[in-house]
Amino acid sequence: MTHPLALKTVDAVADLLADPATAPMGPDASLHRQHLAYGPTGIALLHIERAAAGLGPWQRAHEWLTAAARQPFTSGPDSHPFYGAPALAHTMACVADHLPGAYQRARDILDRQMGADSRRRLEAAHRRIDMGRLPEYAEFDTIRGLAGYGAYFLRRDPTGADVSAILDYCVRLTEPVTYGGEVLPGWWTLSGPSGRQDDRFPGGHANHGMAHGIGGVLALLALAARRGITVGGHREAIRTILAWLDRWQEKTDRGEAWPYWVTRDELRTGRPDPSPPRRPSWCYGTAGLARARQLAALALGDTDRQVEAENALVSALTDRAQLKATTDNGLCHGFSGLAHIAARMADDAHPSTAGQLRAAIPPLLTAACPSGTVPEDMARSVIQDEEAGPGFLNGAAGMALALLAPATTAPPQSAWDTCLLIA
């Protein structure tokens, strides 16, 4: 069953963002040129997906990539999976899914740059581990770290040396560290969730999110294992992360959920501080972690755990309190992102839960595109919203991308969401 209003909204966003020369990009457009989350490379993903589905012309994608690449892209230490050369590489790889010869020379150069950068990062990470120091989460996370690089190489060259090296590192990251007389998980950071020192987090924290925490590492290990790509200690590392998340799982009358993070005080007491219902988003919360746990269960052949993960998402998507905490329509932490994750999980789900997951999608699409919505007005309001804008992660392009597959009940045509480690 399709959702016509959601599809019309997708079309309206694509039409407003058809031409980079006239699209309303906002005052910070030049600052975001290299950023996948906010800039033209992320908008190009929408046009790639629509063209691959036969819903729009390829020319729009080419024009956005051309606009992005008129000036050189940053590589090396100042780049990361969502910024600079790696962001451009991800978008070009999506084009290559359907037009294999497109941008071949540029893609080869970007692959070499990213390989060199990931090796430099790995060397620094192993030195840090050898010295018994704790990481910053930009070392390992999905947005800025090695999990994000792993997502790219798992797609581009799954049996290559770069993938194996990153997986070896991820396994090592799960080994406990004794620091200040306490045994901590290897992904414990001394910062707050912002990545900076924070007086509200004395002693740091363990981050659970898909964007910045161990959720992304779990998803990468699981995705690789599902493809038959493993390294020494691989499955043990998956089980270590799952056991940690099991320890902090919160079971309430609303279902199962996980705190966004664990502080040093919570670690010492062994229980999380009480908190109000939180939005079940991709970046933090039940939706992203449920997908990572589902992928891990599939990799391990653990049907009970798979069903548990799927039921956790069903509970989150049917709980009024958690949905009330969801206040926007974006990909990262809004209704469109929830619909997309639900669709991804339903495609892989156990027969006992697949129907419930699919049944949760239409209400999410309606929440994103309520009856009476004028698609053009909605698209324009999201693009002009200072908190959203035209971009991929929080904005209109990402919203449209996330709505497209659930609204048509067809699987995505390109692997645009591999950068989120949910596929």
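Tyr 260 is buried in this predicted model, with a relative accessible area of 13%. Tyr 284 is buried as well, at 12%. The rings of these two residues form an aromatic pair: their centres are 5.2 Å apart and their planes meet at 25°. Planes under 30 degrees apart count as stacked, so the pair of Tyr 260 and Tyr 284 is stacked.

The two tyrosines come from distant parts of the chain, 24 residues apart. Tyr 260 lies in the loop between strand 5 (255–257) and strand 6 (261–263). Tyr 284 lies in the loop between helix 11 (264–269) and helix 12 (286–300).

Tyr 260 and Tyr 284 also belong to a cluster linked by ring pairs, together with Phe 201 and Trp 261. Which charged residue sits over the ring of Trp 261? It is Arg 278, whose charged end is 5.9 Å from the centre of that ring. Arg 278 also lies over the face of Tyr 260, at 4.7 Å from the ring centre.

**Another aromatic pair**

A search of the whole structure finds 8 aromatic pairs. One of them joins Trp 187 and Trp 244, with 5.8 Å from centre to centre and 90° between the planes, an edge-to-face arrangement.

| Residue | Relative accessible area | State |
|---|---|---|
| Tyr 260 | 13% | buried |
| Tyr 284 | 12% | buried |

**Two packed helices**

Two packed helices are described by the angle between their axes and the distance between the axes. For helix 7 (residues 146–156) and helix 9 (residues 214–226), the angle is about 25° and the axes are 9 Å apart. Angles under 35 degrees count as roughly parallel, so helix 7 is roughly parallel to helix 9. The crossing of helix 7 and helix 9 is left-handed.

Which residues make the contact? Helix 7 contributes Leu 146, Ala 147, Gly 150, Ala 151 and Leu 154. From helix 9 come Gly 216, Val 217, Leu 220, Leu 223 and Ala 224.

Key
Residues are numbered from 1 along each chain as its sequence is written. This is a predicted model: local features need pLDDT of at least 70, side-chain atom pairs count only at pLDDT 80 or more; totals for chains, interfaces and linings use all residues. Side-chain values use heavy atoms; hydrogens and water are left out. Rings of Phe, Tyr and Trp (its six-membered ring) pair if their centres lie within 6.5 Å; planes under 30 degrees apart count as stacked, over 60 as edge-to-face and the rest as tilted. Helices (H or I, at least four residues) and strands (E, at least two) are DSSP runs, numbered from the N terminus. Buried means under 20% relative accessible area, exposed over 50%, partly exposed in between (1.4 Å probe, protein chains only). A charge sits over a ring if NZ of Lys or CZ of Arg is within 6 Å of the ring centre and within 35 degrees of the ring normal. Axes are lines fitted to C-alpha atoms, for helices over the stretch in contact, and angles run from 0 to 180 degrees between N-to-C directions. Angles under 35 degrees count as roughly parallel, over 145 as roughly antiparallel, 65 to 115 as roughly perpendicular and the rest as oblique. A crossing is left-handed if the near helix is turned anticlockwise from the far one by less than a right angle, and right-handed if clockwise. Contact means heavy atoms within 4.5 Å.
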